[in-house]
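Here's a quick briefing to read alongside the model. Have the viewer open and follow the strands as we go.

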Amino acid sequence: MAQFIQWLIEGAPIGCVYALVAVGLVLTYKTSGVFNLAFSAQAFASGAVFYQTVINNKWPLWLGFVFSVLIFSPLLGLLLDRALFRYMRTASWQVKLITALGLLLALPELVRLFFGAQPGEAPPSIAPLIGIDQLKVFNLGGYFISADRMTAVIFTVIAVVLLGLMFRFTSVGLQMRAVVESPRMVELAGVDADRVSMTSWMLSSTLAGLAGVLLAPLYFVLDGNVYTLLIIAAIAAAAVGRFVSIPFTLLGGLFLGVGERALPDIVGTSSSFAQDIRPSFPFLVLFGLLVFWPKLREQRVVSDPLSGVDPPPPAMAHEYKDANMVRMTRIAFPVFMGGFVLLMMTVVSPLWVTRLTDAFALAVVFLSITIFTGLGGQISLAQAAFAAFGGFAMANVAEDGNVPALIALLIGALVAAIVGALFVLFIDGLPALIGRWRRRPVVRLAGLYLSLATLAFALMAEKVIFRREEISRGEYGIAVSRPEFAQGDREWFLLVFAIFAVVAFMVIFIRKGTVGRYLSALRGSESAAASIGINATSLRIILFSLSAGIAGLGGGLIGMAQGQVEPTATYPALFGVVWVVLVVTLGARTVDGAVNAAIGFVVIQWLFEALGLPTTIAIIGFGFGAITYARHPEGIVEFQTRRSILAAARGRMLKSRANELSNTGDLPSTYRPVWHVVLLVLAGPALYLFYILIRSAVQGHWVAVHSTTLLVFVVPSLIFALGWILVTERRLRKSGGLANGGFFLIGGAVVGALGGWLFYSQSWVPRGSISDCVLVGIPAGVAAVGFFLLPVHANRIALGRGWLASPISWLEGRTPFGFLLFGAFLFFRSSVTDASSATGSFIDHGFPPSGWPVFLITAILVVVWVQWVARVQGAVNELAIGGEGFEPPEEWATQPSEAIES
Amino acid sequence: MRRFIAVMVAISAVGFATVGMADAQGAGRPGVTDKEIKVGGLSSPLSLLSTPYVNGFDGVNAYFDVINKKGGVYGKKLKLVAQLDDLGSPSGNIRAVRSLVEEKKVFAVLPVMTNSFAGGSYLASKGVPTFGYNVDVNWCGTSAEGAALEAKIADGDFTGSCNRTTLFGEKGSFICFSCAAIAPAYIAKQKGYTKGALFAYTAVASRACAEGMKKSFEEFGIDMAYEDTSLEFGFSEANAGVQAIKDKGVQFVATCMDFGGAFKISQGLHQAGVNDVAFYAPEGYRDSTIKKYGAQLDNWFFSLGFFPWQAKNQPAGTKAYLKAMKQRGISPSEQSQAGWINANLFVDGLKAAGKDFTRQSVVDAINSFTDFTAGGMVPPQDWSKNGHGPDVEACAAYVEVVKGKFVPRFGKPSQPFVCFPDNPRPANLNDPYYRPLKAGETAPTLAGS
């Protein structure tokens with residue numbers, strides 16, 4: 001008993017902090033439906049703000065506390081609710097989870113960007129705020145407890161009491177309790193669910209902030225990685241309360257804290273078992289609860305009778321293609337791929353070959369997400385762990401050189417597949433057996449709880465399995481070499497690319513085949529699928545083992561590319577989270593999505609590196625990019641592909657109608673074929689690129705990006721484009737657009753001129769006079785306004801005509817405007833400009849040349865610019881010849897961005 | 001249309017094949033012009049253990065400034081043109097290393113400040129002179145080669161050597177985590193401690209370090225009263241250890257942790273009313289820690305591989321380094337000093353290689369150095385013999401925190417390095433010799449030297 005009291009006294013403080021975060025988690029989960037995995041990131045952000053204000057800015061302790069916990073934290077919660085989660089109340093669990101995961105990644109990086117990368121040492125304690133000397137030690141019956149720990153307990157008690165009072169005596173509290181019990185009933189009673197959700201977000205964020213500030217001195221370090229793992233303990237605590245009960249959640253937190261304290265006394269501190277179990281205790285608890293507590297997994301079905309029935313996913317973009325486009329693709333695709341491989345095998349520099357090869361190795365892992373999420377409809381956060389199983393298995397069998405590398409890769413994939421199958425047998429089979437023994441059916445682990453189980457499994461595998469000497473062969477890991485025939489960079493690329501191609505075709509084949517259709521049926525409704533004879537158990541085994549096997553194959557390739565597999569650095573478990581967020585954001589259902597995600601993951605980091613920007617911006621971008629998933633659950637790549645295909649179809653219909661009108665002589669004079677305008681806009685950049693290539697080929701070295709050359713080739717196109725904007729704007733304005741649109745353009749010109757002057761006066765421009773700056777600023781300002789103004793005009797005209805769908809939305813201007821700003825920022829960075837103008841021989845620079853970021857961004861700018869021009873001209877044409885009798889395809893009306901704005 | 005595409009592909013193929021042939025041609029002295037010698041380095045700014053790796057760049061830049069003010073080397077200025085971030089991952093490290101060599105076209109790579117130097121094999125294969133902060137087996141060879149060397153040492157065989165002879169760590173290119181570490185045992189012996197405790201993380205390198213310390217404690221008769229190797233970085237729970245230390249009367253705690261982890265344990269002890277336990281931490285000797293924690297660190301010991309900054313009669317190298325850091329307004333740190341030592345070795349190598357230096361000649365020149373000390377900052381490094389292999393002697397300087405200040409310990413005036421032969425191991429720790437040797441003094445004959 002005495003020992004238990006000791007554990008309780010010494011473990012309770014940490015348990016209290018776990019409980020605080022867990023209570024916040026439960027509050028928002030039940031009131032907004034969002035399982036906010038980013039709570040730990042919010043706690044870290046508040047802790048960092050507190051550290052910054054008190055330590056670095058020397059604010060008084062109380063002021064730092066008030067600002068970070070009572071102002072910053074609720075505001076962060078408010079921001080997240082108002083800007084994001086309020087729009088997701090009816091969204092699927094995948095959308096909410098991915099958005100939360102995106103925040104989990106982005107927020108800590110954002111904090112580091114603002115406050116510096118180094119973890120804060122010796123964070124301040126808030127003990128003095130309640131009159132406790134920071135160095136005081138409390139003696140509780142012979143057990144010592146420090147001021148920091150006592151403070152954690154006191155603040156938790158205060159928070160819980162206040163929470164209880166609020167729940168008991170305030171109307172908001174009552175509403176929140178009611179929402180926790182039954183959100184639908186509460187809404188039927190006329191309660192503003194949005195308001196309740198907002199309050200709970202602010203409240204829970206405050207709790208996270210308080211936890212962040214309390215925890216920092218206990219950890220002694222303010223580090224994002226440490227905080228990230230806090231969320232697992234909080235989830236485990238919340239699981240004790242079945243994600244519903246706040247009192248039991250509090251108990252769960254205490255249990256974890258006390259358990260962590262008791263463990264070393266029970267299992268020891270230096271045995272192999274202790275080394276395994278102590279760091280993974282919260283993961284073990286969470287995994288155990290999810291797998292062995294049937295009531296927990298039944299949560300999803302009790303809340304909503306339709307929770308297991310999802311509508312079938314929308315058709316793939318390529319299914320919208322017409323016969324001509326399909327034929328074109330059949331020709332263009334092999335030519336493009338052949339050209340790509342040819343370039344990689346000849347002209348692309350070895351460094352870039354390596355970078356892109358890394359991307360394709362990663363893309364193989366990403367295809368496992370395509371299988372699991374795209375086909376299976378589930379989200380696994382354990383893909384990095386499966387990749388690690390494959391990588392370590394490959395390395396172990398290949399290490400002695402007795403097994404050829406290719407065979408070792410396959411063995412790695414097989415081992416990972418077996419682990420995947422065992423995993424599903426464990427989480428499904430074992431509980432089912434127990435359920436049968438207890439004569440009680442058990443629901444399969446799926447949805448959010450499956451994702452949490454995979455996360456817990458991945459972290460356990462990292463802490464327990466991959467650190468074992470038998471697996472990773474000690475602290476240095478295992479050295480592996482590529483196959484004999486693929487020692488060179490280009491040969492290695494060819495091998496990886498070939499493996500990727502095989503896996504990609506396999507994925508497509510599976511998607512189109514029986515298994516894919518069965519999985520599609522299963523994700524729609526397990527009961528309905530079972531009623532037509534689909535065996536869900538065997539399909540789940542196939543899904544897990546296939547996905548894990550592909551991840552294992554990719555893991556083997558990653559290990560070979562690096563030349564070694566290390567226990568912690570090669571496949572960190574949290575990479576699995578980054579990967580899933582990235583793939584799902586770009587498109588989990590297609591191979592394109594996986595490839596784009598992998599290339600983006602590799603190349604964007606290098607782009608920022610080359611531009612002299614912090615590479616953490618890339619992670620922030622990936623994290624916040626996940627927010628787009630709510631709007632485009634099919635993924636950005638798939639969305640853009642579908643949009644392009646539909647736009648092409650729309651263009652063909654317009655053209656056909658224009659021909660009809662032309663034949664009858666009724667074609668309005670305002671109609672201009674889109675390609676006429678595009679050609680003139682594109683002519684300059686195309687000629688410029690042609691000039692660069694030809695001149696480079698003739699001279700045998702990369703030709704400088706010279707301002708005169710730019711003036712001759714690109715400026716005429718820009719002048720034409722500017723003229724086109726002005727003429728079109730005037731025409732639209734006169735046809736019923738925004739009456740004072742001209743003033744906006746003038747305003748844009750003035751702001752642009754001022755911007756040019758600002759750049760010059762602040763010496764942000766490496767060269768050029770003030771007149772140059774102003775002359776560039778004016779058209780840039782006009783164009784920036786035009787990006788939004790022209791679509792607004794068109795939208796207004798369509799609205800005036802009573803059209804149900806507008807041909808274009810002002811949102812169309814966001815992308816070119818964003819790139820205009822980004823381009824301006826980059827071009828005015830002298831280092832980049834210098835790099836772009838560097839000359840040298842092919843031998844010195846290779847391909848791509850040293851100024852590749854500028855080339856890449858210029859190319860993207862041109863594409864974005866041309867796309868915008870084409871869309872606006874298409875809308876103008878539609879307004880000119882559309883109207884009665886013009887029937888757009890049904891899908892157009894379903895595109896959110898095309899919705900008419902009133 | 002098809003014909004057009006076919007023609008375009010053919011043209012591209014011919015054009016690019018020509019370019020490809022050009023690409024395959026060789027190059028001269030990369031990164032060297034009439035006016036400058038370009039080098040580039042990398043670090044892990046987000047190192048997990050909060051080690052300030054990025055400080056290495058300060059050391060290199062400071063040393064280059066000193067040299068450039070004197071006219072550079074052969075009239076060429078030294079320029080650190082790239083400071084890349086390897087993101088702390090092996091793949092990031094490989095890509096950063098290749099970017100330095102293939103994109104930035106540097107002549108040499110320095111400093112490499114990371115705990116996962118997976119790009120080492122690439123740099124070695126390309127013969128690029130590389131300098132950095134050695135905390136990883138990749139400075140020596142593959143993981144298997146490193147493990148084999150450690151196994152040989154465990155068997156008493158010190159004859160092995162590293163394969164990567166173009167890589168130069170600031171304390172030699174071979175580091176043996178699991179070898180018996182003399183420093184903590186020596187401190188315990190000097191202070192008369194008989195009961196020790198050991199704390200380490202579950203991270204493999206930390207556990208290997210703990211193995212080395214255990215061996216040392218056993219070898220020199222210090223009772224290991226308590227051992228905790230099951231802590232995780234950022235741990236919040238060390239009460240069990242605190243209680244055990246108190247109960248078992250431990251006098252000395254050795255850690256294989258970053259400074260923060262070790263300090264957290266010491267705080268726990270203080271809070272439990274245990275104030276007389278001495279601490280040994282392998283990391284944390286920097287001005288910033290003493291400024292921040294002052295007397296809270298009293299009775300802490302650090303072992304250093306370089307001349308202590310507080311010792312009297314500082315050698316020229318230490319004086320110059322401290323002066324340069326002061327001028328730049330930077331607090332001295334082990335990492336920035338490592339960068340300084342790296343830059344010093346590189347410049348010495350350039351000078352020794354002659355005016356028409358190449359990468360290979362610089363490497364050869366350095367590998368002929370028998371007594372490199374960076375102006376007295378470090379014990380002599382013999383790059384011709386054991387710089388790329390197991391040490392033949394174990395030399396360390398010691399400091400203790402007394403009244404909130406670092407105070408050199410155990411050495412002699414002007415001779416702060418306390419040395420023992422490492423091959424064969426000393427029977428006891430009673431009879432050290434001291435470096436730098438004074439005129440007339442001789443070191444014992446070392447088997448590997």
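Two strands count as paired if DSSP finds at least two bridges between them, and strands (E, at least two residues) and helices (H or I, at least four) are DSSP runs numbered from the N terminus. With that in hand, Cys256(B) in S8(B) is the bridge partner of Ala200(B).

This is a predicted model, where local features need pLDDT of at least 70, side-chain atom pairs count only at pLDDT 80 or more, and totals for chains, interfaces and linings use all residues. Residues are numbered from 1 along each chain as its sequence is written, while chains are lettered from A and ligands numbered from 1 in the order in which they are written.

**Strand S8 of chain B**

- A residue is buried if 20 or more other C-beta atoms (placed from the backbone) lie within 10 Å of its own, exposed if 12 or fewer, and partly exposed in between.
- By that count, 5 of the 5 residues of S8(B), residues 252-256, are buried, so the strand is largely enclosed by the rest of the structure.
- In a regular strand, side chains alternate between the two faces of the sheet.
- Here Phe252(B), Ala254(B) and Cys256(B) point one way, Val253(B) and Thr255(B) point the other way, and all are buried.

**Its neighbours in the sheet**

- S6(B), residues 195-201, runs parallel to S8(B), joined by 5 bridges.
- S9(B), residues 278-280, also pairs with S8(B) in the parallel sense, over 3 bridges, and Tyr280(B) in S9(B) sits opposite Ala254(B).
- S6(B) is parallel to S7(B), residues 223-231, as well, with 6 bridges between them; Tyr201(B) faces Leu231(B) there.

**Crossovers**

- A crossover is right-handed if, with the strands pointing away from the viewer, the path from the first strand over the helix to the second runs clockwise.
- S8(B), H9(B) (residues 259-271) and S9(B) form a right-handed β-α-β unit.
- S6(B), H7(B) (residues 204-219) and S7(B) form a right-handed β-α-β unit too.

**The chains overall**

- Chain B carries 13 helices and 14 strands, and 58% of its 449 residues are buried.
- The C-alpha trace of chain B spans about 85 × 60 × 45 Å along its principal axes.
- Chain A comes to 38 helices and 8 strands, with 50% of its 902 residues buried.
- Counting a contact as two C-beta atoms, placed from the backbone, within 7 Å, residues 24 or more positions apart supply 69% of the chain B contacts with a separation of 6 or more.
- For chain A, 79% of contacts between residues at least 6 apart join residues at least 24 apart.
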